[in-house]
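Work through the exercises below with the sequence and the coordinates open beside you. Each task is followed by a solution that goes step by step.

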Amino acid sequence: MPLARSFSVTSLSGLDEWDDEFDLDDAVLFEIAWEVANKVGGIYTVIQTKARLTCEEWGENYFLVGPYMESNVRTQVELIEPTNAALRRTIDKMNSSGCKVYFGRWLIEGSPYVVLLDVGFTAWSLDRWKSELWENCSIGVPWFDREANDAVLFGFLTAWLLGEYAAQCEDPPHILAHFHEWLAGLGLVLCRQRQLPVATIFTTHATLLGRYLCAGNVDFYNNLAEFNVDKEAGDRQIYHRYCLERAAARCAHVFTTVSQITAIEAEHLLKRKPDIVTPNGLNVKKFSAMHEFQNLHAQSKARIQEFIRGHFYGHLDFNLDKTVFLFIAGRYEFSNKGADIFLEALARLNYLLRVNHSDVTVIAFFIMPARTNNFNVETLKGQAVRKQLWDTAQTVKERFGKKLYESLLVGQLPEVSKMLDKEDFTMMKRAIFATQRQCLPPICSHNMLEDSTDPILTCIRRIGLFNSSQDRVKVVFHPEFLSSTSPLLPMDYEEFVRGCHLGVFPSYYEPWGYTPAECTVMGIPSVSTNLSGFGCFMEEHIADPSAYGIYILDRRYRSVDESCNQLTSFLFQFCQQSRRQRIIQRNRTERLSDLLDWRYLGRYYVSARHMALAKAFPDAYVYEPHDPTSTTGFRYPRPASVPPSPAHSLHSSPHHSEAEDEDERYDEELEAEKDRVNIRQPYSVPHKNKTDSVELPEKN
């Protein structure tokens, strides 16, 4: 089925303009997700970054609902008494009935209110609630699926909370409940089954069955209409989870998903076409000085280089100033995230760099958490050796400086041969001998629990990338989340991304793709695919994505081998760029960050909420969608400095060229100003209880 976009829901200029007077004073928004104050995956980032904008729109009438996790609450939540009288009575009633419900402020931007439900405390009700679920909805949940059991407890507690709140309100309430993913979806189903006065929205960030099918190496996107969904879910022992997800999608007043490609997937697997697509955004903080993010890149790159000096001690036979850092990061799904095709492309890139006698070295980082038992001793030793060499150099420098100072004081030019004595040479020789290494630099920074069967390590053994001196491509597998407290690579993820040159995310299954989006906001070019929500979104709104450092890999209409060759071509051309050309490209990439700002993309959530309120409470709210007058959205044009010739338009990132006039074509300020003309001002969300008019984007 062709992936034709639906202009009415994905075009930024085609989004319906709602009535400025849409009154939210009598409405209350509950946003429910398992990842509220509980980091598990990408939904945590969605809710955390969107909270400030939603608080501006809803004010005191916005509440997040999630599970109570004591370890998270200690560090992220300030427990307080509810200020809303009806909610205070609701929590008191539930606590007196055998529940444990907590209320507080989540300590993030916007400081939203959170209602946290202790699912473990009410586990005694699990059997009774599962029986009720079977009797009313014909969905059975097996005893051994702990995650599904938690979903049952969380769903019933959420429905209890919303029903009790409706009962405690003095006036008929206009309650809007937004549920994220299948783990929270049962609460929505129960709200509709019990006929509670609640407008409901269900957002799926990835379908359960889609994730499982793609992991099974099937031709997923070209056979969406052919799958027997009940059989496929049953074969994978997730039928009960699939039923919960599908019931939530079918029961919701408004059903949304995060990208157009996931909308097509949901239509076939969940049997309902999404009402609107709600792309994921980020809070973008622009620098006052244009070059500031380039300075941050240089600082972070220097810290990565220090790690490389230690990791490759004894084999540091390459120039770090001519070394390109690539990385892939995310959940350890070897084929879904494209780690398989990335490794194969690295092997081919290694061959190309060697046969072309390139002086560029590529170091590819794999940041994918896996099961380990400790740090690799050889990796720790490398960092210790590096520090010892630094200390030795500092000691010799101080001794040399003192002798130089004393020689100058007596008016004599120093004799270099006398500046370093025998003891200094002995100290330096000992330090050099310490760098001798009998083995190759390690691939993995940790000891893997399943070393022999680990997909990444198995593939590396097959392609033969062992960090040998003749290899122009080196690999570092870091199987845990990055942290500034790590003894190996003491950097937070954001700092690490800023220090790299290119993020590579050739995913086969990626409903949105926060990793390339984060790269874009930080001005780092990235590789994405036409099967990821991010890649499709960028193709739609940028006339020439590669000119802005967004390389879109074709994984839908090409074979795996052809896609791998295309990725290899992207990487090889990137390695041919000069330092100035990479700086130019980072400037262009950073300018795309406005596209991903919640100030733009939050409009979709606003529209979905208005639609749900109008469907559930037609007497109080009216929402009339109109056909969009423009179907093109706003598009970034090809940069002025990119030649319009066919050869360059196919792949228009800055190429290595001997032509001296290439640098002269580029004027950063002029190009940035032309881009700004093609970008509409961010949409401003009206603040709660203010009468200011809504600032809508200007027409193109």
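## The chain as a whole

The accessible surface of the chain comes to about 30,200 Å², and 51% of that area belongs to carbon and sulfur atoms. The coordinates are those of a predicted model.

**Exercise 1.** State how many helices and strands the chain has, and what percentage of its residues count as buried.

*Solution.* Begin with the secondary structure, where the chain has 25 helices and 17 strands. Next turn to burial: of the 700 residues of the chain, 57% count as buried. Finally take the contacts with a separation of 6 or more, of which 75% are accounted for by residues 24 or more positions apart.

## The open sheet

**Exercise 2.** Give the order of the six strands in the open sheet, and identify the edge strands.

*Solution.* Reading across the sheet, the order is E14-E11-E10-E15-E16-E17, and the pairing is parallel. The edge strands are E14 (473-478) and E17 (550-553), each of which pairs on one side only. On average, and with direction ignored, neighbouring strands of this sheet are turned by 25 degrees against each other.

Then consider which helices accompany the strands. Helix H13 (residues 339-355) packs on the sheet, where it touches strand E10 (323-329), strand E11 (361-367), E14, E15 and E17, and its direction makes about 170 degrees with that of E11. Helix H19 (residues 514-521), for its part, lies across E10, E15, E16 and E17, running at about 145 degrees to E16.

**Exercise 3.** How many bridges join E10 to E11, and how many join E15 to E16?

*Solution.* E10 and E11 run parallel and are joined by seven bridges; within this pair, Phe325 stands opposite Ile363 in E11. Strand E15 (residues 502-504) and strand E16 (residues 526-529) also run parallel, and two bridges join them. Here Val504 stands opposite Val527 in E16.

## Enclosed elements

**Exercise 4.** Is Ile456 buried or exposed, and which residues does Ile456 touch?

*Solution.* Locate the residue in helix H17 (residues 455-463). Ile456 is buried, because its relative accessible area is 0%, whereas the cut-off for burial is under 20%. Leaving aside residues up to four places away in sequence, Ile456 touches Tyr332, Phe334, Leu343, Phe366, Met368 and Phe477.

## Surface and loops

**Exercise 5.** Which residues make the nonpolar surface patch of about 350 Å²?

*Solution.* The patch is made by Tyr405, Leu409 and Val410. Of these, Tyr405 lies in helix H14 (residues 377-409). Tyr405 counts as exposed because its relative accessibility is 53%, and the class of exposed residues begins over 50%.

**Exercise 6.** Describe the backbone angle phi at Ser111 and at Lys271, and say where each residue lies.

*Solution.* Recall that most residues other than glycine have a negative phi. Ser111, although not a glycine, has a positive phi of about 45 degrees. Ser111 lies in the loop between strand E4 (101-106) and strand E5 (113-117), and is partly exposed, with a relative accessible area of 28%.

Lys271 likewise is not a glycine and has a positive phi, of about 65 degrees. Lys271 is found in the loop between helix H11 (260-269) and strand E9 (276-277), and is partly exposed at a relative accessible area of 38%.

**Exercise 7.** What separates Gln576 from Asp359 in sequence and in space?

*Solution.* Gln576 lies in the loop between helix H21 (560-575) and helix H22 (579-591), and counts as partly exposed at 38% relative accessibility. Gln576 and Asp359 are 217 residues apart in sequence, while their C-alpha atoms are 9.9 Å apart in space.

Technical notes: Residues are numbered from 1 along each chain as its sequence is written. This is a predicted model: local features need pLDDT of at least 70, side-chain atom pairs count only at pLDDT 80 or more; totals for chains, interfaces and linings use all residues. Side-chain values use heavy atoms; hydrogens and water are left out. Patches are made of residues with over 30% relative accessible area and no salt bridge: like charges are joined within 9 Å, nonpolar side chains (Val, Leu, Ile, Met, Phe, Trp, Tyr) within 5 Å. Accessible areas come from the Shrake-Rupley method with a 1.4 Å probe; for residues, only the protein chains shown count as cover. A salt bridge is a side-chain nitrogen of Lys or Arg within 4 Å of a carboxyl oxygen of Asp or Glu. Helices (H or I, at least four residues) and strands (E, at least two) are DSSP runs, numbered from the N terminus. Buried means under 20% relative accessible area, exposed over 50%, partly exposed in between (1.4 Å probe, protein chains only). Two strands pair if DSSP finds at least two bridges between them. Axes are lines fitted to C-alpha atoms, for helices over the stretch in contact, and angles run from 0 to 180 degrees between N-to-C directions. Contact means heavy atoms within 4.5 Å.
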